[in-house]
Amino acid sequence: MLKIYNTLARDKQDFIPITPNTVRMYVCGMTVYDYCHLGHARVMVVFDMVYRWLKASGYDVTYVRNITDIDDKIIKRAAQNKESIHALTQRFIDAMHEDADALGVQRPDHEPRATQYVPQMLDMIAKLEANGLAYRAADGDVNYAVRKFEGYGKLSGKSLEDLRAGERVEVAENKHDPLDFVLWKHAREDEAEEVKWNSKWGRGRPGWHIECSAMGAELLGKHFDIHGGGADLQFPHHENEIAQSEGAHQCGFVNYWMHNGFVNVDKEKMSKSLGNFFTIREVLKKYDAEVVRFFILRAHYRSPLNYSDAHLDDAKGALTRLYTALKATPLRPLAAGTALIDWSTPHAARFKAAMDDDFNTPEAVAALFDLANEVNRSQSAAAAALMKILAGTLGLLQRDPSEFLQGGASDGVLDDAGINTQIQARIAAKQTKNFAEADRIRKELLGVGIVLEDSASGTTWRRA
RNA sequence: GGCGAGAUAGCAAAAUGGUUAUGCAGCGGAUUGCAAAUCCGCCUAUCCCAGUUCGAUUCUGGGUCUCGCCUCCA
């Protein structure tokens, strides 16, 4: 039985889908005005892992991850760049897809863009207004009346009183309550026509929170199973989504809320404002994308994940051990697909128990290492095949081992042919017992990051 | 200030009311021409103080420290 930590309950709960064997999942995606950083990588990889595990568990999953392509920062950036909103967002959507593909992140079933669902949002705002939960303020904005929604604060555990008492809540005269948030922003003179839509409340554009409520309902229904995102979205974004969706539809919205932890740098949250972020493409210049994916999955998704080169190096070494085991043992030919996994075998059972326990990937990975040990010891083709299939449910170890071990950053000094020439020269030297020469060649290669490994079946190489 | 999460060996990171986490690093052995890889064995832990208990790293209370949210944030 799969258990999921539900932020709403602050506890692990048995996962029971609304419709048997079916899972409908929505994850808050990116605001596309810049390149994705490692924090975004974590959300994508974590929920890709969830998506894969749900499918491996036999569920028919519909996964939606939205794209926010209209918002203040986008408008500002486009103006700075003197380019259209559409050109800007399309550029960074393409970049995001490149990054996601590199990290082995499967495309969600739907990637709705906010700008394509404005009518649905307007519809929803109208419902909220009809239900007495929205009002048009003096400045022309349509706001959500937080005080009118009874359950406000149930996700984040905050009470309206506490929030109001907080020093950082701004007082805005146009709002009935400082915590009221914008559903529809009135059009501003200085903004491009491209960001203005007609509505019964006048020209304008949607507030941020309404897009997720509207697109979730459109693509998954008013009531669905899982909603995910970074822990920083818990409040106010997800709290507001609940207020909007339940307020408009007058029914339950999401059963399980999942929030992943941050990527930190020196124990501080990686963020744009602190300037301590690393973009995915920047990191991928130094590290293999699968190493980055492995680095993310080696920690539990709710724990903080500290980023540093030392940790990436460590992840690389660990992943190398797994691929080395696969390299040494031929796989028993098996068609892909989890239907062939015998979950009763000890390693598979341990792996499954770990994954079913709130997606405990560190424990699942530990099972993989134990399996690698067995593979190395027994040279069992079946064990190697099991290892690869289990890892596949995490999106790992699917490449040819040699590609992984020999790939990566080449310093350009030697190509494969050059390396093989050196290896042949060393074999010749060894045959004449000229070990000094053989060692010299090996040392020379090591100097350019090539490690030679002799075995009964010959000499192979990998990059350090 | 309000609310929440967490403190595990040199580093990273799980789990557990008593019994091996796991990876990297380190040490010893096997193997190797020597290495590397691999195998076998070993070493280094549970922030502090009380309490519950036959027994607590695990539960309870207090403390210290760290981080996050309360403003855009994945």
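Tutor: Start with Arg399, which is partly exposed at a relative accessible area of 22%. Here buried means under 20% relative accessible area, exposed means over 50%, and partly exposed lies in between, with a 1.4 Å probe and protein chains only. This is a predicted model: local features need pLDDT of at least 70, side-chain atom pairs count only at pLDDT 80 or more, while totals for chains, interfaces and linings use all residues, and side-chain values use heavy atoms, with hydrogens and water left out. Residues are numbered from 1 along each chain as its sequence is written, while chains are lettered from A and ligands numbered from 1 in the order in which they are written.

What does Arg399 pair with? The side chain of Glu403 meets that of Arg399 in a salt bridge, 3.3 Å from N to O. The term means a side-chain nitrogen of Lys or Arg within 4 Å of a carboxyl oxygen of Asp or Glu. Side chains of opposite charge can pair when their charged atoms come close. Glu403 is partly exposed too, with a relative accessible area of 43%.

By this rule the count comes to 38 salt bridges. Take Lys200 and Glu129, whose side chains meet at 3.7 Å, N to O. This pair links distant parts of the chain: Lys200 sits in the loop between β7 and β8, Glu129 in helix α4, and they are 71 residues apart. Helices (H or I, at least four residues) and strands (E, at least two) are DSSP runs, numbered from the N terminus. Lys200 is exposed at 62%. Glu129 is partly exposed at 28%.

Next comes Glu363 with Arg350, whose closest N and O atoms are 2.9 Å apart. Glu363 lies in helix α12 (residues 361-378) and Arg350 in helix α11 (residues 346-356), so the pair ties together parts that are 13 residues apart in sequence. Glu363 has a relative accessible area of 31% and is partly exposed. Arg350, at 27%, is partly exposed as well. Salt bridges can also form a network, as they do among Asp72, Lys185, Glu191 and Arg205.

Now a contrast. Arg42 is buried yet has no salt bridge; Asp232, the nearest side chain of opposite charge, is 10 Å away. For this search, Lys and Arg count as positive and Asp and Glu as negative; His and the chain ends are not counted. Arg42 lies in helix α1 (residues 38-56). Leaving out residues up to four places away in sequence, Arg42 touches several residues, including Phe262, His300, Tyr301 and Pro304. Contact means heavy atoms within 4.5 Å.

Helix α4 (residues 118-130) lies across β5, β6, β7 and β8, at about 115° to β7. Axes are lines fitted to C-alpha atoms, for helices over the stretch in contact, and angles run from 0 to 180 degrees between N-to-C directions. Those four strands form an open antiparallel sheet in the order β5-β6-β7-β8. Strands β5 (134-136) and β8 (204-206) stand at the edges with a single partner each, so one side of each is left without a neighbour in the sheet. Neighbouring strands are turned by 20° against each other on average, direction ignored. Two strands pair if DSSP finds at least two bridges between them. Two bridges join β6 (residues 142-144) to β7 (residues 182-186). Val142 has Trp184 of β7 as its bridge partner.

Another strand is β3 (residues 22-27). Five of its six residues are buried, so β3 is largely enclosed by the rest of the structure. Six bridges join β3 to β4 (residues 60-65), and these two run parallel. Here Val27 has Arg65 as its bridge partner.

Last, the backbone. Most residues other than glycine have a negative phi, and most peptide bonds are trans. Lys82 has a positive phi of about 55° although it is not a glycine. Its place is the loop between α2 (72-81) and α3 (85-102), and Lys82 is exposed at 77%. Arg10 also has a positive phi of about 55°. Arg10 is in the loop between β1 (3-6) and β2 (11-14). The peptide bond from Phe235 to Pro236 is cis, with omega near 0°. Pro236 is found in helix α7 (residues 234-249).
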